[in-house]
Amino acid sequence: MKKITLAILLLLSVAAQAQEKIAVTTADYSNSSVEMADLMRSEGKIYILVGIVLLIFAGLTAYVIHTDRKVSKLEKLISEK
Amino acid sequence: MRQSWWKILTVGLLLYTLLGGFLMEVPRLPILNETIRALYFHVTMWFGMILMLVVAVIYSVKFLKSNDLKHDDVAIEFTNAAILFGVLGIVTGMLWAKFTWGDYWSGDPKQNASAIGLLMYFAYLVLRGSLSDTQQRGRIAAVYNIFAFAAFIPLIFVLPRLTDSLHPGNGGNPGFNAYDLDAKLRLVFYPAILAWTLLGAWIATVRIRIRRVTRAVEDNMTQP
């Protein structure tokens, strides 16, 4: 039991050390001096980009599912023999 | 489609990763700008790779215990998928590095270590390719796989932290956990790890099944 408590305390001290790292604050979310894709957002073009990525994803997914089904058919064929 | 529930989960989580990854709010940080979103795509490749390598190690041990080639199939195909993720990780990392650190390759300890790690796993494939006896190949590859993993983990997690590295969390740099401590990033990051890993597992399982079907066909041909 003592050992477990010691281990937990040690872990906590490690976590406390990690606190020294620079944390992200809420101010970082509204820091308008840093350039982001705001223009794309205001023009709505970010959604076009997301659309393109989704189309590619849909295509890849369909292909993997198609391959999966093909293998299933082969497996059936083998087990019927 | 076999065991389709987790494949549906994979597609759902990936959809969430892409939508959330591109559209949800992220902290506005200098130098990183929008590339901080690569956390959901580049960093998750490495997490996925390591999780798949763990599976490969487990099945390598299982193969050594049982000499059942079914386990060898799992070990090789999960390693294959992990290598694919590793290559994607290193390529995406180079692109990201060009625009945030100024160079595709800065000889950063973690970059070098992951390149060495990938070479170790390429050697695994070469080793397998050079042996024709299936049992012998399985055993030697399994032992190599276990040792490669044991070397890979300190190589990419321990050694870069002992020296200065551009990667977050190494040397004097703040960890990416300083960023992913941020609840909003974590909201996409953790599901993204699961999503990409599941996709890798899906690809691996399909290829495992192809291997088993091929073996069944070959056995049928040799013993009519």
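1. Helices α4(B) and α5(B) touch through residues that include B:I116, B:M120, B:Y124 and B:L127 on α4(B), and B:Y144, B:A148, B:F152 and B:L155 on α5(B); contact means heavy atoms within 4.5 Å. Helices are DSSP runs (H or I, at least four residues), numbered from the N terminus. The contact comprises 16 nonpolar, three polar and three charged residues; Ala, Val, Leu, Ile, Met, Phe, Trp, Tyr, Cys and Pro count as nonpolar, Asp, Glu, Lys and Arg as charged, and the others, Gly among them, as polar.

2. This is a predicted model, in which local features need pLDDT of at least 70 and side-chain atom pairs pLDDT 80 or more, while totals for chains, interfaces and linings use all residues. Residues are numbered from 1 along each chain, chains are lettered from A, and side-chain values use heavy atoms, without hydrogens or water.

3. The axes of α4(B) (residues 109-129) and α5(B) (residues 134-158) come within 10 Å and cross at roughly 180 degrees; axes are lines fitted to C-alpha atoms over the stretch in contact, with angles from 0 to 180 degrees between N-to-C directions. The two helices are therefore roughly antiparallel (angles over 145 degrees).

4. Chains A and B bury about 3,300 Å² between them, 68% of it from carbon and sulfur atoms; buried area is the accessible area (1.4 Å probe) lost on being put together, summed over both parts. A:Y29, A:M36 and A:F57 lose the most area in chain A, together 22% of what that side buries.

5. Five salt bridges are counted between chain A and chain B (a side-chain nitrogen of Lys or Arg within 4 Å of a carboxyl oxygen of Asp or Glu). One joins A:D38 to B:R28, at 2.6 Å from N to O.

Conventions:
Buried area = accessible area lost by both parts, 1.4 Å probe. Parallel < 35°, antiparallel > 145°, perpendicular 65-115°, else oblique.
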